Amino acid sequence: MTPSKAEAQPLLIDEETFLTCGVHIGTKQKSKDMQPYITTVRDDGLRLLDVSQTSQQIRIAAEFLNSFEPVEILVVSARQYGWKPARRFAVATGVTCIPGRFTPGRLTNPEMKNFIEPRAILLTDPAADVQPFREALNIAIPVVALCDANNLTNGVNVVIPGNNKGRSALALMYWLLAREMLRLRGDLGIDEDLVESVDDFEAPLV
């Protein structure tokens, strides 16, 4: 789901904020899947991601996720820097969040005490969140995922390209996704921001 240039819309936030938060900073490794989202390679070998596509894919993801009831959506994050932004996103949008370790069988074993049945899942990183990713594919529910330059995207329905390892990058992407979902729902005005700032979504240093 790579948008064409003809479909490009204004950025959800100014480009400087994307860059300051490091959303564009990818990994040295790249996957063929993510090549369409990579603009260039820095001298140090890091791949740089196209923030205009990040912005556009957040719009697409927000519209897609809003086609479900909030209680039908699960957001997960095995990465520690994703715990707080995922939780804040969940509080803002009303979805369910499982930060940290994902117990195998949560989506596939009805006998499990904490078994849940989402209709869509949002991954912070398809590689780190491999267990819920596999279970989502097993039960055939759609997957939205924040994907870095090295991620494999087979099985991901909506890719949001961006740095899914950095504190500030994760905070901004989750904040923008929450804001866009609420704006589309009419819970926020078209030019209105969340009460919480991007900093409020950012995880502490560990």
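A salt bridge is a side-chain nitrogen of Lys or Arg within 4 Å of a carboxyl oxygen of Asp or Glu. In this predicted model, local features need pLDDT of at least 70 and side-chain atom pairs count only at pLDDT 80 or more, while totals for chains, interfaces and linings use all residues. Residues are numbered from 1 along each chain as its sequence is written, and side-chain values use heavy atoms, with hydrogens and water left out.

The sheet is described first. Helices (H or I, at least four residues) and strands (E, at least two) are DSSP runs, numbered from the N terminus, and two strands pair if DSSP finds at least two bridges between them. Strands of a sheet pair through backbone hydrogen bonds, either parallel or antiparallel. Here, five strands form an open sheet in the order β4-β3-β5-β6-β7, with parallel pairing. At its edges stand β4 (96–99) and β7 (158–161), each of which pairs on one side only. On average, neighbouring strands of this sheet are turned by 15° against each other, direction ignored; axes are lines fitted to C-alpha atoms, for helices over the stretch in contact, and angles run from 0 to 180 degrees between N-to-C directions. Four bridges join β6 (residues 143–147) to β7 in the parallel sense, and Ala 145 stands opposite Val 159 in β7.

Helix α2 (residues 51–65) lies across β3 (73–77), β5 (120–123), β6 and β7, running at about 145° to β7. Helix α3 (residues 80–93) lies across β3, β4 and β5, and runs at about 165° to β3.

The whole structure holds seven salt bridges. In one of them, Asp 125 meets Arg 79, with the closest N and O atoms 2.8 Å apart. This pair links distant parts of the chain, 46 residues apart: Asp 125 is in the loop between β5 and α4 (130–138), and Arg 79 in the loop between β3 and α3. Buried means under 20% relative accessible area, exposed over 50%, and partly exposed in between (1.4 Å probe, protein chains only). Asp 125 counts as buried at 1% relative accessibility, whereas Arg 79, at 30%, counts as partly exposed.

Another salt bridge joins Asp 148 and Lys 165, whose closest N and O atoms are 3.0 Å apart. Because Asp 148 lies in the loop between β6 and β7 and Lys 165 in the loop between β7 and α5 (167–185), the pair ties together parts that are 17 residues apart in sequence.

Terms used
Contact = heavy atoms within 4.5 Å.
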